[in-house]
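Morning, everyone. I have a few minutes and one structure to show you. Please take a look at it before I start.

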Amino acid sequence: TRAGVRVLNVLKSLKDKARRQVLSFLAGEEKSVQVIADHLGTTQPGVSHHLAILYAEGLLSVRRDGQFRLYRVSEECRDAVRGLLGYFEILCQGENNLQVASKDEKSDQSTAVLGMLAESTRLQILHILHVKGEVIVNDLCKILQVAQPGVSHHLALMRDAGLISFQRDGKTNRYFIAPEGKALLISTAEKLKCMLDSKRTP
C-alpha cells in the first residue's frame with residue numbers, strides 16, 4: 001500500500017544516525033549547510049548528501065537567502081514521525097506494561113531498530129506477525145513469495161535484534177513479535193518524536 005511504502009521510505013531516511021543528527025539540529029530553526037557541517041564536525045559535501053536524501057523524502061524544507069540555502073525540519077517530517085509512532089503503536093496493541101528502554105539504551109538501539117526495519121521483507125514480516133499473531137516459516141514463504149532460506153535469514157536477523165521470538169511446536173517454530181521487540185519499537189518512535197518536538201519554536 002501507499003502507506004506501507006511511505007513508512008518504508010521514512011525508515012530508510014532515518015536509519016542513518018548522521019541524518020537523525022541533522023534533523024535534531026534543524027528542529028528548532030533553519031540553518032545553512034556550513035553551520036550544519038560545523039556543528040556535526042563534518043564536511044559540506046557530506047552534509048549536502050544527507051540533506052539531499054532528507055529533502056527528497058520531504059523531511060526538510062529549504063528557502064533561499066541571498067547566496068545561502070537555509071534548511072529546517074518540515075511539517076511533513078513531523079507528520080511522518082507521528083505516523084511512524086502510530087504504526088508502531090498499532091503493532092504493539094494488546095501489550096500492557098511494556099518495559100521501555102532507558103534513555104541511553106534507546107540511543108544505542110534506535111539505529112539498529114530503524115536499520116532492521118528499513119527493508120521491505122522484514123517490514124512485511126513484522127506486519128504479518130502482528131495480523132496473525134504466530135506464524136510458521138512455511139506460511140511466511142507462501143505469503144511473501146520468498147524461498148525458505150531467504151525468510152529464515154530475515155527471521156534470524158530480527159530475532160538477534162530482539163524484535164521477534166519463537167516457540168517450539170513439535171518440529172516447527174512459531175514466530176511472534178516479542179514483548180521486548182514491541183518495547184523497542186515504541187522507544188525508537190518516541191525518541192524520534194521527542195527529538196523533533198523538544199526543539200520546536202513557537
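Start at the hairpin of S2 and S3: 2 residues lie between the strands, and Gly66 there takes a positive phi near 65°. This is a predicted model, where local features need pLDDT of at least 70, side-chain atom pairs count only at pLDDT 80 or more, and totals for chains, interfaces and linings use all residues. Numbering runs from 1 along each chain as its sequence is written, and side-chain values use heavy atoms, without hydrogens and water.

Strands here are DSSP E runs of at least two residues, helices are H or I runs of at least four, and both are numbered from the N terminus. Strands pair if DSSP finds at least two bridges between them. S2 (residues 60-65) pairs with S3 antiparallel, over 6 bridges. S1 (residues 31-32) also runs antiparallel to S3 (residues 68-73), with 2 bridges. Now look at Tyr71 in S3. Tyr71 is the bridge partner of Val62. Tyr71 is also the bridge partner of Lys31.

Next, the rings. How many aromatic pairs does a search of the whole structure find? It finds 2. Rings of Phe, Tyr and Trp (its six-membered ring) pair if their centres lie within 6.5 Å; planes under 30 degrees apart count as stacked, over 60 as edge-to-face, the rest as tilted. Tyr87 and Phe88 have ring centres 6.2 Å apart and planes at 45°, so this pair is tilted. Phe166 and Tyr175 are tilted too: 5.6 Å between centres, 50° between planes.

Buried or partly exposed? Buried means under 20% relative accessible area, exposed over 50%, partly exposed in between (1.4 Å probe, protein chains only). Phe88 is buried at 0%. Phe166, at 33%, is partly exposed.
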